[in-house]
Every structure is written in structure tokens, then in C-alpha cells.
Amino acid sequence: MKTREIYIHIPFCVKKCNYCDFLSFKYNEDIKDKYIDCLCNEIRHSDMEEVEILTIFIGGGTPSVLEESDIEKIMITIKSHCLLSDDVEITIEVNPGTVTESKAHLYKSIGINRVSIGMQSADDWILKKLGRIHNTHQFFECYERLRKVGINNINVDVMSGLPGLTLENYEDTLKRVCELGPEHISAYSLIIEENTPFFELYNSENGKYINELPDEENERRQYERTDEILKLHGYYRYEISNYAKEGYECRHNSGYWTGVPYYGFGLGASSFIDDTRFCNVSSMEDYIKNKGLAESKDSIILLSKKEKMEEFMYLGLRMTKGISINKFKKIFDEDIYTVFGKTIDKYLSMNLLVCEGDRIFLSNRGIDISNYIFSDFLM
């Protein structure tokens, strides 16, 4: 039986954060009800009867703004339409200010076994600057609430490179998170994206308050201290921005990086099935008008062999274990050095790539400039 993953997009938030460019909107009860109906309709009309689902990821937006009945409706629809593996990983993203005791109990009761909490910082003044709706107390309250109902696989998101953030502030956030002992920590560096409030304030062209951002040396030290502090507390880096205790790597995201096919349901969600990538429309009006069905597909792209080989390299190399030379040969019937030998040798000679036995992976220095290296694998 074929195996697949599922991503569910919930595009609603209490309010949009100042740095966020994701496809999301302020929560609206009337639109939400129509959206959930269309989302479930899309799931019911998908071709999933002959596959086994390995992971489900409910992301956003802020999925935890939904009422218990909404999440339950989505999960019942999925379970009635496809086969879940015995050890299926089911993740939901939550904002600390939106998880009530009843929601926490509902998540556990319907089979959600992994929760990702957007903490970002342990400093309330930083959270306010980011436009977050929660404070530090609410984060810890949310964490304990989830533990109390029996959620034993929790991820915490933290961010570096934030405006006004000192090295000491950031170290304190990391240490306080580590003291809690979540199974997984995602550590992201702020990227100033267009069409966000932060872009007007902090972009390099004409940002009004760009001097609030950490300088290059401070940002580099924050990046280095992430690895040092998390390793000291028993977390190992398995992907560029992700750390886990042994056995608690995010299986869903690892599937993306290693080419596992997936279905994406909801507004703007993308899917990758049978070497074809297709994406839903990003217009809420069109998605609801089409009731989430085939007419909601905005683009369909059949990947060429060249594109698949490129993705194998630049996605696989995000993982610290890198890529398998033999797996490349098995999938593409090509020798990896025939296709990418020049690029591989270039970065091996610069000590930015490492080759050990069957595997090629980024060195610690290579991780620091990974995006530059990835771009070199585009043929």
C-alpha cells in the first residue's frame, strides 16, 4: 500500500503577527464555518482510499482559534475517508493565548499526539513588538495544560535576530525552554518579508528603525548559542532549524525533506503526488465558491527528472544526515557524481560538504551558508 502525508491549512488568526507573510486572515465566524465545510468537502472528494497516512499536520494561521467541534469535524472526516497508520503522527500548531482546557482535552481525545507551540521569546516586550497575542505566563500555562492532558510530544518555536533582542535575552529564552524539557525545539532566525509591518520598519532599503535589529556579530552569536545551549541540554540538530531529543524528530517535516508524497487541503495548500505538484487557490472567495473541489486547483506542475534530482539534493541536504548516494542511484538510475560531481567536489574541497561512506552532508560551516550551497545544485 502506498504511503502519504496530509497537511491541513487553517488560515485564521486572532490577529496577524508583524513579521508574518503566511496566507492567513483575522478570524471571522461566518467565513470560518463555510471554510470548514469546504475543507471537509475537499477531503471527502480526494483519492485517498488506497493509501496509508503516516502523518497529519494541522497548520496555519492559528489552528487553535478553531472551536473544539471544528477540529473534531476535520479529524472525523479524515478518519472516515482514509487509513491511518498504527503510529500516525498528528500535529497541531497552537498559539499559547488560544488553548483552553477543553481544547487541550479534545486534542488528546481525538488522537492528536504532537503539539507545536509558538513561543518565539520569553520576554513580554519582545512578544509585544512581534505582535503576538500571548505573554510569557500564557505560554507556560499552555505548556502545562497540554502536559496535564497527556500530550507527551511537544515542540516549541523560538526566534533569534529579533529587533531589540540581545544575546542575553535570547540565551535566557533558550534556557527557560530547555528547563521545561519539550521533546522538540524549532529555532528560526527572523526574515524580513515584504508585505508585512516589519518590512516597512526594518527592510534594508528604507526601514525606519533598522538599527533596532541585532548587528551581524550579535546575530551570529545568537545563531551559535542556539546550537551550543540546545546540545548541552540533550537536543541534537537533525535539520538546519530543528532540534530534537532522540526519537522525537518531526516525522511530517522530515517527509517533506526526503520526498514523501503528501496531500495538502485548504486555502493555498500544495500537494505532491506521483511526481506532480499542485496548489489550491489562495482566494478565499474562490475556494468557498468552488466548495474546495477540483476547480480550486490553481496550478499543476509535473516535475521533470532534472527538477526531481535538484529537489533531492537541496531538500535532502537540509537534514544533518544529508543524502544517500545509493538512494539517488536507485531513484534516478544515474550516478550522483555524473550529475552533480562538479558541485559536490567544489564544496568538498572547501570543507562545506562532507562525504562519509554512502552519505553526503553539510559540514557545520556549510550549514551556516546553506542557502548559497543549495542554489548551486540548480542545473
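**Fold and salt bridges of the predicted chain**

The model is predicted, so to speak of local features takes pLDDT of at least 70, and side-chain atom pairs count only at pLDDT 80 or more, while totals for chains, interfaces and linings use all residues. Numbering runs from 1 along each chain as its sequence is written, and side-chain values use heavy atoms, with hydrogens and water left out.

Buried residues make up 52% of the 379, where buried means under 20% relative accessible area, exposed over 50% and partly exposed in between (1.4 Å probe, protein chains only).

Now for the salt bridges (a side-chain nitrogen of Lys or Arg within 4 Å of a carboxyl oxygen of Asp or Glu): the whole structure has 24 of them. Aspartate 274 pairs with arginine 4 at 3.8 Å between the closest N and O atoms. Aspartate 274 sits in the loop between strands S12 and S13 and arginine 4 in strand S1, so the pair ties together parts 270 residues apart in sequence. Arginine 4 is buried, at 6% relative accessible area.

Arginine 225 and glutamate 171 form another salt bridge, at 2.7 Å. Both partners are buried, arginine 225 at 18% and glutamate 171 at 15%.

Definitions and conventions
Helix = DSSP H or I, 4+ residues; strand = E, 2+ residues; numbered from the N terminus.
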